[in-house]
Amino acid sequence: MLLQGFNDLLFFVYLAMLVMAIFCLVDALLRRDDAFVAADKKTKSFWLIIMGVTVAVHLFIPFFFLKIIGLIASIVYIVDVRPALIQVGGGPAGGRRGSSSDGPYGPYNGGR
C-alpha cells in the first residue's frame, strides 16, 4: 500500500518534469534566433538540442540520474535564459513590443 502511494507520487513528479521540459522546448522554439546571442545565452540551436535531449530522456530513458540532469537544464532555462530573452525583447517571433528604434509608422529596419 505504501509502495503504491510512493509509485503514484513518483509518477506525478516525472510527469511534472516532462511537462516542464516540453514547456522549455516549445518556448525556445518560439524565441527569435538573435535574442539568444543578444542576451549572451549561447545560441538557439544549443538550447533546442539541450531541451530536445531532455524531453527524449524523460520519454525513453528510465535512468533517474539522467532525468535529474534534464531537470537542472530545464530549471536553468526557466530561471536564467528565459528572463534574459524577455529582457532583450526576444519574445515570440510574431509578437513585437515597442523598441527605441520604432518610429511613428513602425519599426525602423535600416533601409531593408
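Arg32 counts as partly exposed, at 30% relative accessibility. (Partly exposed lies between buried, under 20% relative accessible area, and exposed, over 50%, with a 1.4 Å probe and protein chains only.) Its salt-bridge partner is Asp34, with the closest N and O atoms 3.1 Å apart. Asp34 is also partly exposed, with a relative accessible area of 45%.

This is a predicted model, in which local features need pLDDT of at least 70, side-chain atom pairs count only at pLDDT 80 or more, and totals for chains, interfaces and linings use all residues. Residues are numbered from 1 along each chain as its sequence is written, and side-chain values use heavy atoms, leaving out hydrogens and water.

**Salt bridges**

- The whole structure holds five salt bridges. Each is a side-chain nitrogen of Lys or Arg within 4 Å of a carboxyl oxygen of Asp or Glu.
- Side chains of opposite charge can pair when their charged atoms come close.
- Asp80 pairs with Lys41 in a salt bridge, and their closest N and O atoms are 3.1 Å apart. Asp80 sits in helix H4 and Lys41 in the loop between H2 and H3, so this pair ties together parts that are 39 residues apart in sequence. Asp80 is partly exposed, at 37% relative accessibility.
- Asp27 and Arg31 form another salt bridge, with the closest N and O atoms 3.0 Å apart. Arg31 is buried, with a relative accessible area of 6%. Asp27 is buried too, at 9%.
- Shared partners join Asp27, Arg31 and Arg82 into one network of salt bridges.

**Helix H3: span**

- H3 covers residues 44–60, 17 residues in total. Helices are DSSP runs of H or I with at least four residues, and strands are runs of E with at least two, numbered from the N terminus.
- From first C-alpha to last, H3 reaches 24 Å, close to the 24 Å expected at 1.5 Å a residue. The expected span is 1.5 Å times one less than the number of residues.

- Which residues of H3 are buried? They are Lys44, Trp47, Met51, Thr54, Val55, Val57 and His58.
- These residues lie on the same side of H3, because they cover an arc of only 165 degrees around the axis. The arc is taken from the directions from the helix axis to the C-beta atoms.
- An α-helix has 3.6 residues a turn, so residues three or four places apart point the same way.
- The cover over the buried residues of H3 includes helix H1 (2–30), helix H2 (33–38) and helix H4 (64–87). Contact here means heavy atoms within 4.5 Å.
- Ile49 and Phe60 are exposed, on the face of H3 turned away from its buried side.
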